[in-house]
Amino acid sequence: MFWRMIKGTVFRQRDKMFMIAFTVALGASLTTAMINVMFGVGDKVNAELKTYGANIRVMPQEASLLDDIYGIDKGEDDSVATAYLEESELPLIKSIFWGFNIKDYAPFLSARAELRDASGKALVENCRVNGTWLSKSMKLSSGEEVYTGLKSMRNWWQLEGDWPTEDESDAIMIGSELAERTGLSVGDEVELYEHGTAEKLRVKSIFHSGDDDDVIYAPLSVSQKLLGLEGKVEHIEVSALTTPDNDLARKAAQNPKSLTIKEWEAWYCTAYVSSISYQIQEVITNSVAKPLRQVAESEGAILNKTQTLMLLISLLSLLGSALGISNLVTASVMERSSEIGLMKAIGAQNASVVWVILCEIMLTGLLGGIVGYLVGLGFTQIIGYGVFGSAIPFSPHAIPMITFMVILVTILGSLPAIRYLLSLKPAEVLHGR
C-alpha cells in the first residue's frame, strides 16, 4: 500500500516531480564539477604556476652559511663564491622520492668578462655573464629522457630571435637593455674575454624579462671556461610541484630531527617544499636546498583560495537548489491538502504522512542527483580542457560528499512543506477551508 501511494503520487504529479528532479540535477551537476575540480586542481594550478619560475634554490653549504649569517649573496658580489657544486651530480635530482614532481631545473655559474664586437672593439668592460643550461636533454639511468633548462623555466620571456638549442654551444642570449646600450642585434658575432681566455660567440636572441635585462645568458660551458671551473656550478634553481604547507611541514622546516618516526614518514612521503628540498640535499654533495618561501607560500595561498572559491560556488548552487525544491514541494503539498487531510482523518499520524512525503521527494531527488552527477563529470572535463588544457581525473572521494549534499539539500528544501503539512487540520481541509 505504501509503495502504491508513492507510485500514484509520482505519476499524478509527474510535472512537479520532474521539476524537482531537474532542480536537484542542476545543483548536483555544478557541485560535482566543482568538487572534482577542487580535488584535482592542485597539480594543475601548481603546474601553471611553475611556468613563472623556481621555488627551490640549491647552493653550496659555505655560500648558504654566508647568506644566513651576513646576508651576502653571490648575486651581489662575484668575489664571494669559493665553493661550488658538481655539474655531474645534477641528474641525481630526478632520482629522489619525489623526482616526478621536479618539473624543471637548471644550474647557474656567473662570471664577469669584457664584451667585444667581431672586430675586437670593447663594448662593455665588465659584463655579467650567466652560464646555464639554455636548453638541455638528459638520459637518466632509469631510461627516462628529461628536457629542462632555462627555456622551460623562463618561457614567459619575450624574445627577438629564437631560443638556442642544445647543440648550439656558441649561441648566447643578451638582454634588451644590453642590446640597446651596445647596438648589438640578432645574428651579430661577439667575443667574451677574461683571464686570457677568449670565447667567440653569436647572438641568437635578445630577451626582455621585465627584470634584469642588462646581462648575457650563455651555455654553462662558456662561463666555466672563462672562470677555469670546468664541471662546477654556483647554484641550481629547481621548479617542483608541491603541496601547501601545514603544521607538520612548518615543524619539519624548523628542525626535521624533532619529528617522531610517524611524523617523519608522513612528512618525507608528502610533496611539501621542505621535504623535496631535504631530499635534494641528500643527493647533492655539500649542498643546502632552500625553499623560496615567498614563491612557495604564494602558490599555496593561490591554491587554497581557488579551492575555497570552488567550495563557495558549490554551496551557493546547492542553496539555490534548496530554494527551488522548497517552492516546488510546498506547491505539491498544497495541491494535495485534501488527500493529506483525508489521511489524517482516517487515523494517519503526522509522522506517517511526513514519511510518505519525504520518501517521494527523496526518491525523486536521488534520481535527479544521479543524473546531475553524470552530467557534472562531463562539466569537469569541459573545465579541465577549457582552463588547463588537459583532463581532470575522477575523484572517488567526491561521491559520498555529493550524496550527502543531495540528501541534505532535499531534506532542507522540504522543511517548509513539512511545516505546512503539520499545520493542516483535517476538518478544515475536508470542508474546503
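Colleague: How much of the protein counts as buried?

Modeller: Of its 433 residues, 47% do. Keep in mind that this is a predicted model. As for the overall make-up, there are 14 helices and 14 strands.

Colleague: What share of the contacts join residues at least 24 apart?

Modeller: Taking contacts between residues at least 6 apart in sequence, 76% of them join residues at least 24 apart.

Colleague: Let's get to single residues. Why is Trp-133 called buried?

Modeller: Its relative accessibility is 6%, and buried means under 20%, so Trp-133 counts as buried. You'll find Trp-133 in the loop between β4 (122-132) and β5 (136-139).

Colleague: Which residues does Trp-133 touch?

Modeller: Not counting residues up to four places away in sequence, Trp-133 touches Glu-87, Leu-90, Tyr-105, Ala-106, Pro-107, Met-138, Thr-148, Gly-149, Leu-150 and Leu-220. Take Ala-106: Trp-133 is 27 residues from it in sequence, while the C-alpha atoms of the two are 5.9 Å apart in space.

Colleague: Lys-204 carries a charged side chain. What makes Lys-204 count as buried?

Modeller: Same test. The cut-off is under 20%, and Lys-204 has a relative accessibility of 16%, so it counts as buried. Lys-204 sits in strand β10 (residues 197-208). Leaving aside neighbours within four places in sequence, its contacts include Glu-160, Asp-162 and Glu-168, along with Trp-163, Pro-164 and Ile-172.

Colleague: And how do you know that Asp-117 is buried?

Modeller: Asp-117 has a relative accessible area of 19%. Buried means under 20%, so Asp-117 is buried. Asp-117 belongs to strand β3 (residues 102-117). Beyond the residues up to four places away in sequence, Asp-117 touches Leu-123, Glu-189 and Val-190. Asp-117 and Leu-184 are 67 residues apart in sequence, with 8.4 Å from C-alpha to C-alpha.

Colleague: What is the phi of Asn-286 near?

Modeller: It's near 50°, a positive value in a residue other than glycine. Most residues other than glycine have a negative phi.

Colleague: On to the helices. Why are α8 and α9 called roughly perpendicular?

Modeller: Helix α8 (residues 261-268) and helix α9 (residues 273-283) pack at about 90°, with their axes 9 Å apart. Angles of 65 to 115 degrees count as roughly perpendicular, so α8 and α9 get that name. Trp-264, Trp-267 and Tyr-268 make the contact from α8, and Ser-274, Ser-275, Tyr-278, Gln-279 and Glu-282 make it from α9. By class, that's 4 nonpolar, 3 polar and 1 charged.

Colleague: How do you know that α7 is roughly perpendicular to α8?

Modeller: The axes of helix α7 (residues 247-254) and α8 cross at roughly 100° and come within 10 Å. That angle falls in the range of 65 to 115 degrees, so α7 is roughly perpendicular to α8. The residues in contact are Leu-248, Ala-249, Lys-251 and Ala-252 of α7 with Glu-263, Ala-266 and Trp-267 of α8. They divide into 5 nonpolar, no polar and 2 charged.

Colleague: One more topic: how many cavities of 30 Å³ or more does a search find?

Modeller: Across the whole structure it finds 2. The second largest cavity holds about 30 Å³ of space.

Colleague: What lines the second largest cavity?

Modeller: Val-24, Gly-27, Ala-28, Leu-318, Ser-321, Val-406, Val-409 and Thr-410. At least two lining residues come from each of α2 (14-50), α10 (293-335) and α13 (398-423).

Colleague: What classes do the residues of that lining fall into?

Modeller: There are 5 nonpolar and 3 polar residues, and no charged ones. Gly-27 is in the lining, and Gly counts as polar here.

Key:
Residues are numbered from 1 along each chain as its sequence is written. This is a predicted model: local features need pLDDT of at least 70, side-chain atom pairs count only at pLDDT 80 or more; totals for chains, interfaces and linings use all residues. Side-chain values use heavy atoms; hydrogens and water are left out. Axes are lines fitted to C-alpha atoms, for helices over the stretch in contact, and angles run from 0 to 180 degrees between N-to-C directions. Helices (H or I, at least four residues) and strands (E, at least two) are DSSP runs, numbered from the N terminus. Angles under 35 degrees count as roughly parallel, over 145 as roughly antiparallel, 65 to 115 as roughly perpendicular and the rest as oblique. Contact means heavy atoms within 4.5 Å. On a 1 Å grid over the protein atoms alone, a cavity is a set of points where a 1.4 Å probe fits but cannot get out, and a pocket is an open set with protein on both sides within 12 Å along at least five of seven lines; lining residues have an atom within 4 Å of a point. Grid points are joined across faces, edges and corners, and a volume is the space filled by probe spheres set on the points. Buried means under 20% relative accessible area, exposed over 50%, partly exposed in between (1.4 Å probe, protein chains only).
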